[in-house]
Each structure stands twice: as C-alpha cells, then as structure tokens.
Amino acid sequence: MKDRSAPTPATDRPWRRDGAFAYARERVRRALRPPVTVTPAGPEVQIRRDVEIPMRDGTILRANVYLPRDGGRRPVILCAHPYGKDAVPRRTRRGYRINPQFRILRQTGPVHISDQTGWEGPDPAYWVPSGYAVVNLDVRGAGRSDGVGSLFSDAEAEDIFDAIEWIAGQDWCDGGVGMLGVSYLAISQYKVAALRPPHLRAIAPWEGFTDAYRDFFYPGGVREVGFARLWTTVIRRVTRMSPDLGREVAARPDDDAWWRSLAPDLGRIEVPMLVCGSFSDANLHTRGSFRAFAETGSSVRHLYTHRSGKWATFYSDEAVAVQRAFLDAHLKGIPAELPRVRLEVRERADRIHEVREEAVWPPAGTPVLLHLHEDGRLRTDQPVTWGTATFGRRHAATFSWRFEEDAEITGDVAVRVWLSAASVGPASIFAGVSKWTDGRFVPFEGSYGFGRDLVTTGCRRVLLDAEPRAVALQLAPSATFFRAGDELRLHLSGRQLSPRNPLWGSFPALYRSSPRVTCTVHTGPGHESVLELPLVSR
C-alpha cells in the first residue's frame with residue numbers, strides 16, 4: 001500500500017491556487033501605481049544630444065553624452081543598445097510618463113531614477129556628480145543612428161569597439177571607458193570586450209545572457225514563444241535590423257553555426273568584470289550570467305547574486321555602491337575591496353536568510369542523490385523493485401523529500417530520469433523544484449516580475465518512444481535555505497510548470513508544450529532516476 005502522507009506521483013500544480021488571488025490583487029495595485037519615482041536631473045549635468053560617432057565604414061552612430069558643467073576630462077561609462085537613447089521618462093501634467101514595462105511587470109520594490117535615465121541604463125544624475133561622463137549610444141539601425149544593424153553580431157561589436165576608441169580620444173574623456181547596464185545593455189558588453197579595445201578598462205554586465213539559443217530562444221531545445229515573440233516583434237517595428245531575428249528564430253530550431261556566431265567568446269575577455277547573476281531570471285539571463293562569470297578569461301572578476309526584482313536591485317543603494325566601487329577601482333585607480341562572490345541565500349521571495357562572501361561559485365558543498373520512488377517519495381536509498389509514474393500536459397508527476405535538519409541548497413540542481421512515451425516523437429520535458437512549509441507553497445521571485453516562482457526550473461526537448469531512455473535536465477542556479485520540517489518537491493511535466501495568466505502567472509513567458517502524449521518515469525534496478533542537490537554545509 002502507498003504511503004498516503006506523501007503526494008501521489010501524478011498530481012496537478014497545486015500552487016496555482018495557494019495565495020493566487022492575494023497575489024493577483026497586489027499585481028494589479030502595483031500596475032496602477034508602480035513604485036517608480038522620477039526626479040529631474042540636476043543643473044550640474046550638461047547634455048549633448050545626437051553626438052555623431054563615425055564608424056570604420058563611414059556610418060554615423062549617434063549618442064547622448066552627459067558631462068559635468070565644470071568641464072574637465074572624466075572616465076566614461078558607456079551603454080549601447082537598440083532601445084533608443086531618447087527613451088527616457090517624459091514629464092506630463094500628471095507627473096512623469098515611465099516605460100510601460102514598469103507597469104506590465106510587477107515591481108518588487110522602489111525604483112528611483114532621474115528623467116535622463118535611459119531604459120535599463122545608468123542614471124546620469126548619479127554618475128556625473130560622482131566623477132564620470134555617461135554616453136548612451138544607439139546601435140546601428142536603432143534610434144537616431146544610421147545604417148542597418150544586426151543584433152548580437154560581430155559587426156555590432158565592432159561598432160561598439162569603434163565607439164569606445166572614438167570616445168577615448170575626446171577632450172572630455174580621460175582615456176578610460178567602462179560599460180554598465182542591464183539586459184541587452186549587458187549582452188552588448190561581452191562581444192566587444194572579447195575584441196579587446198585598447199581603452200576599455202572594465203565591464204559590468206548586470207544580468208545578461210551569453211547564448212541566445214540556450215539561454216532564451218531555445219533553452220534545452222524547447223522553443224520560447226511568449227516574451228521572445230513580443231520582443232522580436234517590437235524590435236522589428238522600432239529598428240532597422242537584418243536579418244529579421246524573429247524569422248530566423250522560427251526557421252532555426254537546431255543549434256547551428258548561425259546561433260554559434262551570436263555567442264561571445266568569453267575566454268577572450270581580459271578586462272575586469274563585475275557580473276550580476278540573478279537567481280530570479282531563469283527564463284532569460286540567469287544561466288548566461290553565471291556562465292559569463294565561470295568562463296571569462298579575466299583574472300579580475302566579481303559575481304553579485306540576488307533574488308529580487310531586476311530594476312529594483314540595479315538601482316538600489318547597495319548595488320549602485322558596488323558598481324561604483326568596482327568602476328572607481330578600474331577607471332580611477334581608487335582601491336576597493338570587493339568580494340569575489342556576493343552570495344544571497346533566500347528562504348522565500350520576501351525573506352533573505354543570509355548574505356555572505358564566497359571565494360568561488362558555486363560554494364563548496366556535497367552532492368546529495370535522492371532517488372525517485374514509485375510511491376512519490378524521494379529517498380537516499382535506491383528502489384529495489386521496478387516502478388513507474390506518469391505525467392503529461394494536464395498533470396505533473398511529483399516526488400517529495402522532507403528535511404530532517406536545516407539545509408542550504410546552493411548551486412546547480414540536476415535531474416536524471418528514465419523516460420518513455422506512449423507514442424514515438426519529440427517531447428518537451430519540464431522539471432522544477434518547489435519548497436513547502438507546513439503544507440503551503442513557498443513562492444520565490446521569478447522572471448518578468450513573477451513573484452510565485454519555484455526554487456528552480458529547467459526544460460529539455462527529447463525524442464521518446466516506448467523504450468525507456470535516460471534524460472538529463474540541468475536546472476537553473478539557485479540559493480535556497482530549507483528549515484527542518486520543510487518539504488522539497490520535484491515536479492515533472494509535459495508543459496511549463498507555472499501558469500501564464502497575467503494576474504497570477506508567469507506572463508509573458510511561454511514555452512512550447514509536448515504533444516498530447518503520456519510520458520512514463522521509470523524507477524528501480526537499471527533505471528536509476530535521481531535528483532542531485534548541491535548541499536552546502538554551514
């Protein structure tokens with residue numbers, strides 16, 4: 001007889017209902033009144049608009065340059081992107097009109113910026129009085145820059161190389177250039193840093209993926225058809241880019257040479273790096289950020305981790321202080337003692353367990369293997385008899401483990417399962433780990449402002465038939481504290497584990513589901529299905 005105290009192997013996703021309506025009310029409230037405060041940039045900031053920067057082929061790119069009123073040479077902070085350098089908050093009779101993403105995507109905390117802050121870029125009202133000049137650059141084919149651009153490409157990196165060297169020769173620059181920014185403003189830093197511009201002194205990619213195929217458009221080979229379609233559609237409408245990225249994504253489901261050409265050679269990066277690795281952006285930047293830290297050729301690199309909102313963190317006092325200390329050290333020569341890794345461990349979305357310094361990522365730990373059993377439990381011992389559990393698009397298979405003592409799970413979680421399917425064909429397999437306390441789902445911050453995420457998730461596209469085969473899934477990096485008595489659940493499904501509903505779901509993230517087929521998990525001798533947890537002893 002099965003132990004009825006454990007969840008049955010085939011179960012729906014119960015966290016959909018647990019606290020969903022209270023969360024939805026909060027999301028609506030923050031959409032109507034996002035906690036974003038905009039103030040005018042002070043008179044000490046001088047603005048030069050549409051400054052022309054010539055490229056090696058004669059094409060003109062344009063930038064807004066922010067300088068101190070008192071003149072003089074300064075180190076420069078550059079950001080380069082396709083979003084339009086002039087897309088800054090606009091004053092209206094009712095206050096400032098802010099980027100609609102601040103409303104569409106739930107904000108976790110207050111954001112304070114000036115009216116000269118470009119989308120996801122450094123705020124000139126802070127950095128100019130701090131002894132820097134700021135350059136906000138429209139990449140080729142975007143904003144007011146000329147030409148036809150190519151996103152993520154070597155050609156775009158060469159343009160930014162030329163911009164860096166041009167900036168370094170201006171009478172308002174002291175010859176040193178650094179880069180800082182979020183998302184695409186982080187992504188654009190990797191390839192140009194690999195080209196090693198002589199006057200690039202440091203980069204600070206704050207949450208940016210490094211592999212467009214593996215991190216965003218086709219993680220694990222599973223196509224993302226939510227935010228990816230929205231983003232490529234917007235880019236098509238507001239920029240001049242070739243090739244059309246949206247069409248290329250649809251036409252290239254396999255990881256071919258074209259996709260490889262978009263990925264930066266991280267090993268060639270030698271300049272000092274401050275990388276932000278967010279545990280709350282597994283649908284977009286998490287994996288790539290940690291890969292950048294691990295694979296860069298730079299001997300001076302720092303990793304700042306967190307699990308909060310993207311913009312609330314980037315503009316927070318603590319994060320800005322770290323950004324400034326890093327840039328001061330490498331552009332001004334001011335000594336700074338920054339940890340190799342700033343590690344933030346969470347108990348839940350709204351509760352930090354610990355922030356500490358580490359020398360390496362991931363921190364030293366002990367891999368713990370938990371075996372899947374037919375009765376829906378995870379155990380340290382292997383099953384001695386064969387068993388099965390099923391899942392599909394409408395239900396998940398769930399396996400449970402209860403902690404007998406406090407534990408920290410920090411690093412990469414891996415799942416290795418033996419699977420078969422009722423019919424031959426490709427299947428999208430989704431895996432996730434959730435936390436439960438006193439029988440209630442514990443939420444964590446996720447991508448796109450989704451505040452009801454699991455601890456970690458992953459997916460993979462595989463070809464299945466009636467014969468069981470071993471399938472490995474690598475879940476996103478995470479750092480989570482479990483107390484004695486807490487429960488960990490492993491979920492396996494044929495579609496994404498979180499709902500897409502814009503009020504209480506992970507909108508706009510959407511991953512292509514499996515066909516309507518039942519998949520079977522096999523356990524027992526010869527079919528070792530396991531969950532591998534990175535247990536950190538404290």
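This report walks through the predicted model shown above, from its overall build to a few local spots worth a look.

**How to read the model**

This is a predicted model, in which local features need pLDDT of at least 70, side-chain atom pairs count only at pLDDT 80 or more, and totals for chains, interfaces and linings use all residues. Residues are numbered from 1 along each chain as its sequence is written, and side-chain values use heavy atoms, with hydrogens and water left out.

The term pLDDT stands for the predictor's confidence in each residue, from 0 to 100. Its mean over the protein is 95, and 97% of the residues reach 70 or more. Residues 1-12 stay under 50, and the model has 26 contacts for them beyond four places in sequence; a contact means heavy atoms within 4.5 Å.

**Overall build**

The protein has twelve helices and 29 strands. Helices (H or I, at least four residues) and strands (E, at least two) are DSSP runs, numbered from the N terminus. The C-alpha trace spans about 80 × 50 × 45 Å along its principal axes. The radius of gyration is 24 Å, which agrees with the value near 24 Å for a compact globule of 538 residues; it is taken over C-alpha atoms, and the globule rule is 2.2 Å times the number of residues to the power 0.38.

Of the 538 residues, 60% count as buried. Here buried means under 20% relative accessible area, exposed means over 50%, and partly exposed lies in between (1.4 Å probe, protein chains only). The accessible surface comes to about 21,600 Å², with 50% of it belonging to carbon and sulfur atoms; such areas come from the Shrake-Rupley method with a 1.4 Å probe, and for residues only the protein chains shown count as cover. Among contacts with a separation of 6 or more, 77% are between residues 24 or more positions apart.

**The nonpolar cores**

In soluble globular proteins, nonpolar side chains tend to be buried together. A nonpolar core is a set of buried Ala, Val, Leu, Ile, Met, Phe, Trp, Tyr and Cys residues joined through side-chain atoms within 4.5 Å. The largest one holds 109 residues, of which Phe217 and Trp231 touch the most other members. Apart from it lies another core of 36 residues, including Leu378, Ala397, Ala431 and Val462. Leaving out residues up to four places away in sequence, the contacts of Phe217 include Val222, Trp231, Leu245 and Trp259.

Phe227 lies in helix α7 (residues 227-238) and counts as buried, with 17% relative accessibility. Beyond four places in sequence, Phe227 touches Phe216, Leu284, Tyr448 and Pro508. Its C-alpha atom is separated by 9.6 Å from that of Tyr511, 284 residues apart along the chain.

Pro508 sits in the loop between β27 (487-493) and β28 (519-523), and a cis peptide bond joins Phe507 and Pro508. Another cis bond joins Ser242 and Pro243, with Pro243 in the loop between α7 and α8 (245-251).

Most residues other than glycine have a negative phi, and most peptide bonds are trans.

| Site | Feature | Angle |
|---|---|---|
| Ser242 and Pro243 | cis peptide bond | omega about 0° |
| Phe507 and Pro508 | cis peptide bond | omega about 5° |
| Glu120 | positive phi | near 65° |
| Arg196 | positive phi | near 60° |
| Gly333 | positive phi | near 75° |

Glu120 is in the loop between β8 (111-114) and α3 (124-127), and its 5% relative accessibility makes it buried. Arg196, in the loop between α5 (184-195) and β11 (200-206), is partly exposed at 35%. Gly333 follows α12. The buried residues of α12 (residues 317-332) include Ala319, Val322, Phe326 and Leu331.

**A hairpin and a loop serine**

Strands β14 (residues 341-348) and β15 (residues 351-358) pair in the antiparallel sense over seven bridges; two strands pair if DSSP finds at least two bridges between them. A hairpin of two residues connects β14 to β15, and Val345 stands opposite Glu354 in β15.

Ser308 is found in the loop between β13 (301-306) and α11 (310-314). Not counting residues up to four places away in sequence, Ser308 touches Thr108, Ser280, Thr313, Arg346 and Glu445. Gly288, 20 residues from Ser308 in sequence, is 17 Å away in space, C-alpha to C-alpha.
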